[in-house]
Amino acid sequence: MAFLGLRKWPTPVLKPMAPFIAASAVTFYLVSQMQDMGVRSEAYAKDPKNPYAAQIAKETHH
């Protein structure tokens, strides 16, 4: 018998969603790595519009 629409056993959420959660984590990591590589590339490392130009210049001097 359902009490206020709740079942006796809860519906599984994590197990069916595990592949999607893993794929999301991998995608987030790879996109962040690609962004970092793009910001630090030769063409954009010294561009004045690059918000990370000062940080990249400071790291290259060390």
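User: What counts as a salt bridge, and how many does the structure hold?
Analyst: A salt bridge is a side-chain nitrogen of Lys or Arg within 4 Å of a carboxyl oxygen of Asp or Glu. The model examined here is predicted. By that criterion, the number of salt bridges in the structure is two.

User: How many residues apart in sequence are the parts that the pair of R40 and E59 ties together?
Analyst: The side chains of R40 and E59 form a salt bridge. R40 lies in the loop between α1 and α2 (42–45), whereas E59 belongs to helix α3, so the parts tied together are separated in sequence by 19 residues.

User: Is D36 buried, exposed or partly exposed?
Analyst: Partly exposed residues fall between the limits of under 20% for buried and over 50% for exposed. R40, at a relative accessible area of 34%, is in this class, and so is E59, at 40%. With a relative accessibility of 36%, D36 is likewise partly exposed.

User: What span does helix α1 reach from its first C-alpha to its last?
Analyst: Helix α1 covers residues 14–39, a total of 26 residues. At 1.5 Å a residue, 38 Å would be expected. The span in the model is close to that value, at 36 Å.

User: Where is the kink in α1 centred?
Analyst: The kink in α1 amounts to about 25°.

User: Which residues make the nonpolar surface patch?
Analyst: L14, found in helix α1, is one of the contributors. L14 is exposed because its relative accessible area, 63%, is over 50%. The patch has an area of about 540 Å². Its residues are V13, L14, M17, F20 and I21.

User: Which element of the chain has the lowest mean pLDDT?
Analyst: Across the chain, pLDDT averages 86, and 95% of the residues score at least 70. Among the elements, α1 has the highest mean, 95. The lowest mean, 83, belongs to residues 53–61, which form helix α3.

Notes
Residues numbered from 1 in each chain as written. Predicted model: local features only at pLDDT ≥ 70, side-chain atom pairs only at ≥ 80, totals over all residues. Heavy atoms only, no water. Helix = DSSP H or I, 4+ residues; strand = E, 2+ residues; numbered from the N terminus. Expected span 1.5 Å × (residues − 1). Bend = angle between axes of the 7 residues up to and from the residue. Patch = residues over 30% accessible without salt bridge, like charges linked within 9 Å, V, L, I, M, F, W, Y side chains within 5 Å. Areas by Shrake-Rupley, 256 points an atom, 1.4 Å probe, with all protein chains shown as cover. Buried < 20%, exposed > 50% of the residue type's maximum accessible area, 1.4 Å probe, protein only. pLDDT = per-residue confidence, 0-100.
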